Structures are given as structure tokens and as C-alpha cells.
Amino acid sequence: MNLREFDKMPEACPVCGFRFEIELGFYWGAMYMSYGLSVIIVVLVGLGLYHLANDPPTWVYLTTVASIVVVFTPFLFRYARVMMLYFFGSVSFDPKYKV
């Protein structure tokens, strides 16, 4: 994955021709899903640090959580869009198109 272009998305699927932009602004809802995924990461990392590192100082929480969220941002961005397509775009996996 090219990190400089992680936000780029093709207009249509090269295999089946499905248009990804279902309607104008469709992926705005993916921002909320990405936020939810980020919150899950923050809670899990916070709990992990609390239990495994015996409640370290606040700066350790902030540095660790911020670093992990920044590293996972490209993946959260993509998977939030995939979730948006599956939940609200009437898209489902068809094994005959598996590459």
C-alpha cells in the first residue's frame, strides 16, 4: 500500500465493474465508523497498558495511543469505507469474483 495515496479509491471495480461512489457524499458516514474503530483501539490499548504496565503515567498512555492510532489510520480509513459499503451500500461478497 502506498501511504501517500492511501485515500485514493478507484471509481469502479476492475473485476466486476461495480461503481464504488454510490451517491455523492456516500462515504461521509465512514468517518463515524472510522471514529468508532479508533475509540475501540484507544480503549483496548488503554486497558492493555493499565493491566500490563501497571497503570503507567499519563504521558505513556497519550504517546502510545496516539502512535498506534496514527499508524493504523490508513487501515481504519479503508476498512471504514468497506464497512460502509457492506452495511449501507447493499454490497455482499461474491466468491466467483475472488482474485
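Modeller: Residues are numbered from 1 along each chain as its sequence is written. The model is predicted, so local features need pLDDT of at least 70, side-chain atom pairs count only at pLDDT 80 or more, totals for chains, interfaces and linings use all residues, and side-chain values use heavy atoms, without hydrogens and water.

Biologist: What makes Glu11 and Arg19 a salt bridge?

Modeller: A salt bridge is a side-chain nitrogen of Lys or Arg within 4 Å of a carboxyl oxygen of Asp or Glu. The closest N and O atoms of Glu11 and Arg19 are 4.0 Å apart. The structure holds one salt bridge.

Biologist: Why is Glu11 called exposed?

Modeller: Buried means under 20% relative accessible area, exposed over 50%, and partly exposed in between (1.4 Å probe, protein chains only). Glu11 has 63% relative accessibility, so Glu11 counts as exposed.

Biologist: Why is Arg19 called partly exposed?

Modeller: Arg19 has 49% relative accessibility, so the label is partly exposed. Ser67 gets that label at 40%, and Asp55 gets it at 44%.

Biologist: Where do Ser67 and Asp55 sit?

Modeller: Ser67 is in helix α2. Asp55 is in the loop between α1 and α2. Helices are DSSP runs (H or I, at least four residues), and strands are too (E, at least two), numbered from the N terminus.

Biologist: How do α1 and α2 cross?

Modeller: Helix α1 covers residues 28-52 and helix α2 covers residues 58-88. Their axes come within 7 Å and cross at roughly 145°. Axes are lines fitted to C-alpha atoms, for helices over the stretch in contact, and angles run from 0 to 180 degrees between N-to-C directions. By class, their contact has 20 nonpolar, five polar and one charged residues.

Biologist: What makes a residue nonpolar, polar or charged?

Modeller: Ala, Val, Leu, Ile, Met, Phe, Trp, Tyr, Cys and Pro count as nonpolar. Asp, Glu, Lys and Arg count as charged, and the others, Gly among them, as polar.

Biologist: Which residues lie nearest the centre of the largest pocket?

Modeller: They are Cys13, Phe20, Leu85, Tyr86 and Val91, out of 21 lining residues. The lining divides into 16 nonpolar, one polar and four charged. On a 1 Å grid over the protein atoms alone, a pocket is an open set of points where a 1.4 Å probe fits, with protein on both sides within 12 Å along at least five of seven lines; lining residues have an atom within 4 Å of a point.
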